[in-house]
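Work through the exercises below with the model open. Each task is followed by a solution in steps.

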Amino acid sequence: MKLIVNGEALEVEATTLEALLKELDYEGGWLATALNGDVVPAAGRAEFRLSEGDRIEILSPMQGG
Amino acid sequence: MFDLLGTKLASRLLLGTARYPSPAILADAVRASGTSVVTVSLRREMAGGRAGEQFWSLIRSLGVRVLPNTAGCHSVKEAVTTAKMAREVFGTSWIKLEVIGNHDTLQPDVFGLVEAARILCQDGFSVFPYTTDDLVVAERLLEAGCKVLMPWCAPIGSALGPVNIMALRSLRGHFPDVPLIVDAGLGRPSHAATVMELGFDAVLLNTAVAKAADPVGMARAFSKAVDAGREAYGSGLLEPRDVAVPSTPTIGRAVFS
């Protein structure tokens, strides 16, 4: 399936958001995810089915002013 | 102690965590400032990356409260989504709400800001809106549910200091009971002291400390300036006048001719 992850086009095997994080080597409780502009809480990632062309954002804490 | 939305804070200085020469200097500057609250952000993490984990671990070790921001958001939708993601990651409903309207001045889009503030307040957030010094916008933000306001005193990172004292005075005068935090534009400790003397409750700064030749020394200097300005405000400042008034008593003065 083709997805856009953090602005980059990728071909992946994963069909859920949780599986996608594992496949791309993302792990940790400090990550936040959004799909097509809406938040997907950590608790909802396992059952969240991905669709062709979905845009996913994976964010983590960073310096800020 | 400074009561901010029911939270007792030891310091009236809030400090940003960006643009320091190194994580170690950031940590030392935070300690030297005596701050109780630092601002943080969310950014894209690289696959397999651990940058976010390392930063978050450093911040947690400092024992301070965090105020996540929505920096870089240019639309209501972006800001609201970022705020919700920040709440989950940082475990706080405090959010410094930024909706940027102009690329050059980083001036807030105050229309989008009010709209986003309303949505987030209804969702249980404590919204700290990064706004201009406009009185009417401030009123709209309070109507939207904000309990605190964060007007700029000059554009972010400009180091210009308070460019419109009259507007800042007006905000303080109209909202005596609302916590007002000057956010953005402070360049020198004397700028911080000036706005604190006007009766502002706190200041939030980043670049002036982070980009100083010695961020740790500058953090300490700002801390003293904030305390000095606050104490001066509480002690009753002398109003300026156009004529001289002798400070030494004139009664009993010797007459030699």
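**Exercise 1: a sheet in chain B**

Task: state the strand order and the pairing sense of the open sheet formed by three strands of chain B.

Solution. The order is β6-β7-β8 in chain B, and the pairing is parallel. The edge strands, each pairing on one side only, are β6 (94-97) and β8 (150-151) of chain B. Strands (E, at least two residues) and helices (H or I, at least four) are DSSP runs numbered from the N terminus; two strands pair if DSSP finds at least two bridges between them. Four bridges link β6(B) to β7 (residues 126-131) of chain B in the parallel sense. Within this pairing, Leu97(B) is opposite Pro129(B) of β7(B).

The model is predicted: local features need pLDDT of at least 70, side-chain atom pairs count only at pLDDT 80 or more, and totals for chains, interfaces and linings use all residues. Residues are numbered from 1 along each chain as its sequence is written, chains are lettered from A and ligands numbered from 1 in the order in which they are written, and side-chain values use heavy atoms, with hydrogens and water left out.

**Exercise 2: the interface**

Task: describe the contact between chain B and chain A.

Solution. Begin with the extent: 29 residues of chain B contact 26 residues of chain A (heavy atoms within 4.5 Å). About 2400 Å² is buried between the two chains, 59% of it from carbon and sulfur atoms; buried area is the accessible area (1.4 Å probe) lost by two parts on being put together, summed over both.

Next, take the salt bridges (a Lys or Arg side-chain nitrogen within 4 Å of an Asp or Glu carboxyl oxygen). There are two between chain B and chain A. Lys77(B) and Asp38(A) form a salt bridge through their side chains, at 2.4 Å from N to O. On the side of chain B that touches chain A, β4 (37-44), α2 (51-61) and α3 (76-90) of chain B each supply at least two residues. The largest share, seven residues, is from α3(B).

Strand β5 (residues 55-63) of chain A runs antiparallel to β4(B), joined by five bridges. Here Met62(A) is opposite Ser41(B) in β4(B).

**Exercise 3: confidence**

Task: what average pLDDT does chain B have?

Solution. The average is 96, and 100% of the residues score at least 70; pLDDT is the predictor's confidence in each residue, from 0 to 100. For the complex, the predictor gives an ipTM of 0.94 and a pTM of 0.94.
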